[in-house]
Amino acid sequence: MPELMYREALNQALAEEMERDANVFLIGEEVGRYNGAFKVSQGLLDKFGSARIIDAPISELGFTGLSVGAAAVGLRPVVEMMTWNFAILAMDQIVNNAAKLRHMSGGQLRCPIVFRGPGGAGGRLSSQHSQSLEANYAHFPGLKVIAPATPADAKGMLKSAIRDENPVIMFEGERLYALKGEVPEGEHIVPLGVADVKREGTDVTLITWSRMYYFCMEAAEALAKEGISVEVLDLRTLRPLDEEAILKSVRKTNRAVICEEGWALAGIGASVVDLIQSQAFDELDAPVVRVTGLDVNMSYAANLENATQPDAPKIIAAIKKVLYREGA
Amino acid sequence: MASAYSKDLLLTMYRKMYLLRRFEERAGQQYTLGKIAGFCHLYIGQEAVAVGCNEAIRPDDYMLSAYRDHGQPLARGSDAGMIMAELFGRGTGYSKGKGGSMHIFDIEHHFYGGYGIVGGQIPLAAGMAFAARYRNEDRVTVCFFGDAAANQGAFHETFNMAQKWKLPVIYICENNRYGMGTAIARTSAVPEIHKRASAYGMRGEAVDGMDVLKMYEAVKDAAEYCRAGKGPVLMEANTYRFRGHSMADPATYRSKQEVEDERRNDPIPKLREYALKQKLGLSDADFEAIEEEEKRTVDAAVKFADESPEPSVDELWRDTIVEPGEEDVRPRERVLGVKVTHWPKYPSGQELKVTWDLEPRAEAEAADKKAGLSR
Amino acid sequence: MATPIQMPSLSPTMKEGKIVKWLKKVGDKISSGDAIAEVETDKSNLEVEAYDDGFLLQISVPEGEVATVGAPIGYLGAKGEKVSGGQPAAAAPAKTEAPKPEAPKAAAPSAPKTEATAASGGGEGLAILMPSLSPTMKEGKIIKWLKKEGDKVSSGDAIAEVETDKSNLEVEAYDDGTLARIVVGEGDLATVGAPIAYLTPKGAKAGASAPAAAPSAPKAAAPQAPAAAAPSAPAGAQVVPLRREAAPASGGGGRLRASPLAKKMAQERGLDLAQVRGSGPLGRVVKRDVEQALGQGLAKAPAQQAAPTAKKAGAQPEARAFGTRPEPQAVPMSSMRKVIGQRMAEVKPGVPHFYLTVEVEMEAAVKIREEAKALDVKVSVNDIIVKAAAIALRRSPKMNVSLQGDQVLHYGTVDVGIAVAIEDGLITPVIRDADLKGLQTISAESRDMAERARKRALKPAEYTGGSLTVSNLGMYGIDQFIAVINPPQSAILAVGAVAEKAVARDGQVVVRKVMTVTLSGDHRVIDGATGAEYLRELKGLLEHPTRLLF
């Protein structure tokens with residue numbers, strides 16, 4: 001199986017889907033002649049022309065709303081957000097129009113559209129450019145929210161998202177784009193709403209998604225050397241949550257740690273904890289512990305930035321805590 | 001002198017304007033009786049805008065509006081009873097009672113909805129026009145919005161794109177002079193909304209929105225312009241609402257005299273006087289007969305709404321996410337059991353051939369060069 | 001025809017409006033859209049608009065007066081038309097009956113107002129409120145005062161006669177004292193909860209108005225309190241006392257700390273957690289501790305030791321003698337049990353049940369069974385009941401219905417369900433066309449279906465449909481019980497044991513075989529009288545089974 005970078009996997013998914021379906025077009029800032037701010041759309045303008053790879057003005061609300069309108073009458077837009085921080089300007093169109101068209105029209109309209117772009121900290125970009133905003137979108141009925149961690153999932157899930165009949169919010173990662181992984185060629189589809197056990201284990205379930213997945217794998221490997229068996233569950237889809245997969249794993253290990261890059265309050269992890277305590281209380285051998293970004297704005301200084309985010313040592317400490325092996 | 005307009009057209013316009021008026025009067029009454037709740041924005045006074053526009057475009061042209069949205073679908077030919085039922089919050093409404101007064105959608109008649117966030121529908125309309133252009137259809141999109149929406153960012157962001165990409169969309173600003181209770185001049189550096197088109201090099205014009213024939217002519221011309229691929233049009237229809245912003249608004253911010261004066265400019269009697277003067281053999285009796293018919297239509301609509309059941313509670317779980325294989329709901333088929341034949345159909349991804357070159361390479365390169373950029 | 005002009009609701013919160021000014025006078029020509037009066041609402045002054053063309057025939061609410069939303073304030077009609085007799089009369093009460101259309105809400109604000117007057121007037125004491133005397137009662141009319149002002153009143157005395165939407169009933173005093181003032185006169189209406197009179201409490205003089213509301217509240221709540229309290233007691237007893245004992249290893253003498261999983265495992269394996277050393281934070285017992293304890297063989301032995309602990313809980317004292325563990329067994333719910341639970345929880349609050357009970361003499365029915373036996377034909381009493389229930393259904397088509405969504409299905413066939421208890425649950429196979437089948441067929445079918453039900457071999461089509469189920473717990477010696485309807489059926493018959501009872505017949509005490517049947521009906525589709533007629537028919541059929549032949 002060929003090894004591809006995360007961005008190449010996305011590029012492949014876009015190209016394949018645009019080839020397959022002429023209703024699909026990509027719109028966003030710098031997606032055309034510049035070949036993409038993060039090179040996700042490299043080469044696509046030449047391949048598909050300027051009506052299908054559209055360089056938009058810096059009007060997030062405007063081109064998002066335009067795309068929602070196009071989706072309402074049968075096209076299948078993919079809207080690239082240069083980063084999700086900028087998409088806050090477009091939130092009205094996503095939340096008040098895309099997520100509600102089906103409802104307000106009593107089932108007459110549908111809105112098959114993908115909004116995608118990098119989320120999370122990019123590295124030394126300070127507070128406005130370093131936010132993990134997936135919890136905001138996961139809050140809204142009418143949307144699906146995905147955050148694949150690996151190149152293979154990125155390709156398979158973007159293809160599913162483009163084929164989905166609903167608005168799908170896709171969080172990629174600025175620091176994921178250059179990561180490499182094996183990616184199946186051609187028709188590789190990863191269904192939305194299905195979590196994936198990326199590493200099997202018996203002592204504790206470590207639940208995560210997107211970039212934090214890599215820290216979790218690092219922690220799991222380190223702990224394996226100490227004889228602690230960690231099961232890493234990559235949620236991949238944040239709305240709807242794969243409740244079955246979460247509960248299945250927790251019922252097996254009886255302990256859970258949730259790692260998310262975003263803030264703790266009203267985070268996705270909070271909903272996962274809620275699910276576990278309400279559905280698997282009697283299976284718990286210890287309180288669930290969360291590892292999250294600190295409850296502060298992201299700083300530019302390298303040491304502050306690192307201290308703000310979760311990392312493998314923090315995850316290891318949390319796992320030892322739920323295993324009652326602190327200081328062990 | 002022979003009339004410039006056919007008898008049929010004049011009577012159709014009269015019938016529709018009268019229907020809109022009567023419908024809104026009854027809606028107002030039903031609101032006061034507690035049958036309609038929430039916000040309810042009436043169209044009384046503005047009928048000439050929707051009707052003049054609708055008669056000037058094709059039935060398959062797209063139309064969408066803000067939350068003052070009962071008039072446009074009625075003008076398009078939507079079922080009055082099902083709109084009233086939607087206002088009543090009944091299962092037989094166009095949106096099964098889920099949308100209410102602010103969200104009327106009738107896709108069968110190409111009415112793509114009423115939107116409740118001021119200006120939120122403006123980019124959507126550009127997107128629908130974009131889709132038409134993308135598919136090489138000669139369809140135009142008409143988007144209504146209020147004067148206050150012209151101060152939203154969406155207005156400016158969209159006009160920039162619409163003009164740059166020459167999208168076939170007619171923006172009709174229904175300037176009724178007040179954004180809720182605030183006179184437009186109080187919050188606008190340039191209160192003549194149509195002038196703002198010039199900032200984007202876009203065609204912009206003001207029209208007397210109290211005259212249905214002037215609206216008709218203006219929109220007819222704008223639609224031809226759009227269909228010819230010349231780009232979007234901003235049309236400012238100067239109109240007036242005889243009622244408050246919504247049913248809960250006593251409209252104390254304007255004088256009685258002002259309302260009285262405007263009422264003398266009522267577009268409905270105006271059209272009737274015009275038509276009677278033409279040599280079309282029309283008499284008062286013709287108009288009275290129409291009025292009686294439309295009154296009956298509206299009374300029947302109220303009765304239909306009132307006798308309709310509330311939506312089933314099961315409906316809560318529908319229409320949020322489209323499940324795999326799920327079909328779109330066709331309201332008249334669902335409610336009245338009629339076969340809906342002209343539901344929008346889109347070409348598949350294999351059938352569709354995109355030939356549009358939105359930004360020809362030479363143009364892009366020239367712009368790059370002009371900016372001193374070489375790639 | 002004259003049409004009323006109604007007081008409009010001009011704001012979401014408006015309940016009534018005051019006519020500030022009439023902008024038109026009687027006889028004026030009016031067009032739809034004309035402003036005809038100015039009204040003061042709770043928010044602002046607004047104009048009332050006409051919605052029809054015509055002439056103003058009558059003004060019913062003059063300037064300065066208040067009318068509730070929806071009440072006619074004037075009439076519109078053809079020129080010179082007379083407003084018919086009933087209409088002006090209807091207009092008048094708009095004023096006096098102001099709170100009527102908004103009864104429950106209007107009552108609340110009015111109460112403090114009256115109390116304020118009461119206090120300033122020297123303290124009229126406890127308010128006697130219009131009681132709710134039927135589930136649907138919104139207001140009541142005082143027909144007659146049985147006490148007059150100044151009369152001494154004792155708790156429990158009837159003080160007034162009230163006409164409700166259903167019948168005439170008496171209002172009872174709940175306090176002792178003197179009837180100080182009657183505020184709702186004979187012939188007048190009061191909404192439920194509104195004061196109709198004031199009582200000066202015994203020994204009190206003045207200023208006692210404040211507590212007025214207080215005593216009434218607990219009274220209303222009282223009947224429910226014991227019901228609510230009852231089930232909680234045993235529930236608590238089950239769990240709590242288990243581990244009060246010192247947790248020797250875990251120290252601290254406080255509550256024993258154990259993870260939910262450890263508690264569950266201990267319960268399942270009969271391990272006394274108090275004997276287990278906890279390795280978690282603050283000595284919390286966790287899974288590995290339980291596993292270790294079990295591995296050390298603590299499981300069986302400590303289970304015996306644990307018994308005294310359990311005895312404290314008062315559970316199964318003799319169980320120990322047989323070597324069984326006194327701990328209750330926690331068995332996971334089977335999926336069937338879960339479905340039943342869900343369904344019943346859905347039904348009980350969702351379907352408004354009503355219950356009707358009747359005693360049936362079973363001499364004749366029992367005789368049929370004996371006759372069948374003599375012929376070597378197997379027929380049970382229950383088969384006869386099923387047959388009778390079916391024939392009765394055929395004769396009471398109003399009972400043979402099912403509420404599905406918002407439609408009532410009326411069945412053309414008579415299909416009767418029979419509740420079959422199976423391991424860890426129950427299922428209700430349906431005998432199709434039970435009214436057309438002979439007893440032998442019914443008997444054979446029910447035995448076959450019960451058999452297959454126990455093997456879980458029924459097809460869904462065999463346990464769906466029908467309008468009524470027969471649930472018989474007679475074989476367990478149950479005399480009488482109430483059954484929960486199996487939706488979307490609309491009724492269920494709860495059949496008790498056939499037992500000999502002393503009953504009075506023609507002035508003589510005689511012994512008869514009697515069976516009690518209780519019908520639960522879905523009140524959304526069936527009414528009491530329908531159910532009663534059905535039971536009468538059923539009773540007749542069972543007492544005179546020859547009627548089954550007709």
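**View 1. A right-handed β-α-β unit in chain A.** In this predicted model, strand E13, helix H10 (residues 268–279) and strand E14 of chain A make a right-handed β-α-β unit. Let's start with E13(A), which covers residues 256–263. Seven of its eight residues are buried, so the strand is largely enclosed by the rest of the structure. On one side, E13(A) is joined by four bridges to E14(A), residues 289–293, and the two run parallel. If you want a pair to zoom in on, A:Val257 stands opposite A:Val289 in E14(A). E13(A) also pairs with strand E10 (residues 204–208) of chain A, again in parallel, through three bridges. Here A:Ile207 has A:Ile258 of E13(A) as its bridge partner. As a reminder, strands of a sheet pair through backbone hydrogen bonds, either parallel or antiparallel.

**View 2. An open seven-stranded sheet in chain A.** Reading across this open sheet, the strand order is E3-E2-E4-E5-E7-E6-E12 of chain A, and the pairing is mixed. Its edges are E3 (53–55) and E12 (237–239) of chain A, each of which pairs on one side only. From one strand to the next, the twist averages 20°.

**View 3. Two cis peptide bonds, one in chain A and one in chain C.** Just where does the chain A example sit? The proline, A:Pro240, is in the loop between E12 and helix H9 (243–253) of chain A. Its cis peptide bond is with A:Arg239, and omega is about 0°. In chain C, the cis bond joins two prolines, C:Pro487 and C:Pro488, with omega again about 0°. Look for C:Pro488 in the loop between strand E24 (468–472) and strand E25 (491–495) of chain C.

**View 4. Where chain B touches chain A.** This contact involves 47 residues of chain B and 44 residues of chain A. On the chain B side, strand E2 (111–114), helix H5 (121–134) and helix H6 (153–164) each supply at least two residues. Which element gives the most to that side? H5(B) does, with nine residues. By class, the chain B side divides into 27 nonpolar, eleven polar and nine charged residues.

**View 5. Where chain B touches chain C.** Here the contact takes twelve residues from chain B and 17 residues from chain C. The chain B side has four nonpolar, six polar and two charged residues.

**View 6. Positive phi values in chain B.** Two residues other than glycine are worth a look here. B:Arg177 has a phi near 80°, a positive value. You'll find B:Arg177 in the loop between strand E4 (169–175) and strand E5 (178–179) of chain B. Is B:Arg177 buried or partly exposed? It counts as partly exposed, because it has 18 C-beta neighbours inside 10 Å, and being buried takes 20 or more. B:Asp319 has a positive phi too, near 70°. This residue is in the loop between helix H11 (284–307) and helix H12 (331–336) of chain B. B:Asp319 has 25 C-beta neighbours inside 10 Å, so it counts as buried.

**View 7. The H13 helix of chain B and what follows it.** Chain B has 13 helices and eight strands, and 54% of its 375 residues count as buried. After H13(B) comes B:Gly372, whose phi is positive, near 85°. As for the wider chain, among contacts in chain B with a separation of 6 or more, 76% are between residues 24 or more positions apart.

**View 8. An annotated span in chain C.** An unreviewed UniProt entry lists residues 257–294 of chain C as "domain: Peripheral subunit-binding (PSBD)". In the model, this span is 47% helix and 0% strand. Its end C-alpha atoms lie 18 Å apart.

Terms used
Residues numbered from 1 in each chain as written. Chains lettered and ligands numbered in written order. Predicted model: local features only at pLDDT ≥ 70, side-chain atom pairs only at ≥ 80, totals over all residues. Contact = placed C-beta atoms within 7 Å. Nonpolar A, V, L, I, M, F, W, Y, C, P; charged D, E, K, R; others polar. Buried ≥ 20, exposed ≤ 12 C-beta atoms within 10 Å, placed from the backbone. UniProt positions renumbered as here; feature names shortened; annotations may be inferred. Pairing = 2+ DSSP bridges. Right-handed = clockwise from strand over helix to strand, strands pointing away. Axes fitted to C-alpha atoms, helices over the stretch in contact; angles between N-to-C directions.
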